[in-house]
Amino acid sequence: MKNQKPQIDFPTETVEEGKVRIIVPKLSAFVEKPSEYAPSKAPVFYNPVMELNRDLAVLAIQAYQKMVKRELFICEPLAGCGVRGIRFAKEVKGVRKVVINDINEKAYQLAKYNIQMNRLEKRVTVKNEDANLLLARHSAPRKRFDVIDIDPFGSPVPFLDSAIRAIKNGGLLALTATDMAPLCGVHPKACIRKYGGKPLRTEYCHELAVRLLIGCLATTAAKYEMGIKVLFSHSTNHYIRVYATVKHGAIKADESLKQMGYILHCFNCFHRETIKNPFVGYLRLKCPECGSRMDFAGPLWLKDIFNKDFCEKMLTESEHKKIRNKFRVYKTLTLAKEEADAPITYYVIERICDKLGLPTISIKKVYEALKNDGFEVSLTHFNSKGLRTNAPTSAVVKLLQKLYVEIRSFK
Ligand SMILES: C[S@@+](CC[C@H](N)C(=O)[O-])C[C@H]1O[C@@H](n2cnc3c(N)ncnc32)[C@H](O)[C@@H]1O
Ligand SMILES: [Zn+2]
C-alpha cells in the first residue's frame with residue numbers, strides 16, 4: 001500500500017525509538033511555559049519520558065513469548081500515536097499480530113501512518129473506538145489476546161474488567177497507573193473508590209501503590225474465577241507498572257485472594273507489620289514496639305511483586321535489543337531481582353535519622369552493618385535511599401545510633 005499523508009493539521013516531527021521511526025506531535029510547539037506538561041497539550045499523545053516504560057514492555061513481552069513458546073496476539077487499546085504497539089510488532093520475536101486502538105480520531109490517523117512508515121500493515125491493525133468496546137468484542141474464547149497492555153491517562157481501573165475478559169488463559173496483562181496522588185495517599189478517598197484499598201502516605205508509598213493496583217487486579221480477576229501471578233513491577237518517574245499472568249479457575253482465584261491483606265504502620269517509631277486475610281473482623285492497631293496507635297493500608301496484595309526468574313529473563317533479552325536506556329533498564333531489573341525475595345516494605349534511612357535527630361548515615365554503611373549483624377538486607381529500585389531488611393525497627397534504630405557514635409568518635 002502506498003504511504004498516505006496523515007490527515008493532520010498540527011506540527012509534527014520524526015523520532016527514533018528502539019527499532020522504529022515514527023511521526024509524533026512536535027511537543028515544543030504546544031507549550032507556552034516550560035512548566036507546562038507538553039504531552040497533554042498536543043492533539044495526539046506522545047510522551048518521550050515513557051520510552052523506558054516501553055523498553056521494559058518490549059523486554060517483558062519477549063521474555064513472556066519465550067516462556068510460552070507460541071506466536072502472540074497482542075492488544076494495545078489506548079495507543080496514542082502507536083509507538084508502543086508498533087515497537088512490539090517490530091522488536092519482539094514471535095508476534096503474530098498487534099491490534100492498536102485509540103478513541104481520538106487524530107491519534108488513529110497518525111498511528112495508521114506510522115504503521116505504514118514502518119511497513120507493518122500486515123501485522124499491525126489500527127482501530128478507532130472505545131477501548132472497552134474493542135476489548136468486549138474480543139472476550140469470546142477464540143478471539144482473546146495473549147497480551148494486553150493498558151497504558152492510560154491516570155488509572156487503568158476503568159479498563160480492567162474488559163481486559164481480564166479479553167485475555168487468554170495464562171495470558172499476560174501489563175498495566176500502567178499514573179494517578180499517583182490517590183495511590184500514594186494524597187487523595188485516599190479516591191484510592192478507596194477506584195482500587196478498593198486504603199493508601200498511606202509513608203516513605204514506601206510507591207510500593208503500597210503497586211500492591212494496591214495488584215490487589216485491585218486480583219479481586220477483579222477473582223470475580224471471573226481467575227487467579228493472577230505477578231511477574232514484574234516497577235515504579236519509575238511519575239507512574240507505576242505491573243505485569244501479571246491471569247489463569248482461569250475458581251481455585252486459582254481463591255489462592256490469589258488469600259494473598260490479600262493489610263500493612264500496619266506506626267508513624268511514631270517506623271514499625272510495620274502485615275496481616276494476611278482481608279476479611280478479618282478487626283485490626284490490631286497498637287504498635288508492639290512503642291505502644292502507639294498504628295494506621296493501616298489495604299486491603300492490598302501481600303505476595304510477590306517481582307519474579308526473580310522473569311527479571312533474569314528480561315535482563316538476558318536486554319543484551320540483544322536496541323534500547324537507548326540500557327543502563328536504567330539494567331539497574332531497574334538488577335534491583336528488582338535482588339528485592340524479589342526480600343521482606344515487604346523498605347526503610348528510608350534518612351527519614352529515621354531525621355526523626356532521631358542524627359545526621360544522615362550512608363546507606364552503604366547501614367547495609368553492611370545490618371549484614372554483619374546477621375540480618376537479611378537488600379536495596380530497592382523504589383528508592384535509592386531505601387533498604388529492605390528483616391531487622392525489627394528497634395534494631396535498625398539501635399544500629400543507626402551505634403553507627404553515629406562510631407562515626408563521631410572516628411572523626
Ligand atoms: C497515555 S496515552 C497512551 C500512550 C501510549 N500507550 C504510548 O505508549 O505512547 C492514553 C491514550 O488513551 C486514549 N483514550 C482515552 N480514553 C480512551 C478510551 N475510552 N478508548 C480508547 N482510547 C482512549 C487517549 O486518546 C490517549 O491517546
Ligand atoms: Zn511504634
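Visitor: Where is Arg 119 found?

Guide: In the loop between helix H4 (105-117) and strand E5 (124-127). Helices (H or I, at least four residues) and strands (E, at least two) are DSSP runs, numbered from the N terminus. This is a predicted model: local features need pLDDT of at least 70, side-chain atom pairs count only at pLDDT 80 or more, and totals for chains, interfaces and linings use all residues. Residues are numbered from 1 along each chain as its sequence is written, chains are lettered from A and ligands numbered from 1 in the order written, and side-chain values use heavy atoms, with hydrogens and water left out.

Visitor: What about the phi of Arg 119?

Guide: For Arg 119 phi is positive, about 50°, although the residue is not a glycine. Most residues other than glycine have a negative phi.

Visitor: Changing topic. Is the peptide bond from Gly 298 to Pro 299 cis or trans?

Guide: The bond between Gly 298 and Pro 299 is cis, and its omega is near 0°.

Visitor: And where is the place of Pro 299?

Guide: Pro 299 belongs to strand E12, which covers residues 295-301.

Visitor: On to the ligand. How many residues surround ligand 1?

Guide: Ligand 1 has 20 residues around it (a heavy atom within 4 Å). The closest are Glu 76, Asp 102, Asp 130, Ala 131 and Asp 151.

Visitor: How does that shell divide into nonpolar, polar and charged?

Guide: The shell around ligand 1 holds 10 nonpolar residues, three polar and seven charged. Asp, Glu, Lys and Arg count as charged, Ala, Val, Leu, Ile, Met, Phe, Trp, Tyr, Cys and Pro as nonpolar, and the others, Gly among them, as polar.

Visitor: Which polar side-chain atom lies 2.6 Å from a nitrogen atom of ligand 1?

Guide: One from Glu 76. Arg 54 places a polar side-chain atom 3.1 Å from an oxygen atom of the ligand. At Ala 131 a polar backbone atom is 2.8 Å from a ligand nitrogen.

Visitor: How much of ligand 1 does the protein bury?

Guide: The protein buries 89% of the 600 Å² that ligand 1 exposes when taken alone (Shrake-Rupley method, 1.4 Å probe).

Methods. A polar contact is a pair of N or O atoms within 3.5 Å; within protein, one must be able to donate a hydrogen and the other to accept it, and residues adjacent in sequence count only if both atoms are side-chain atoms.
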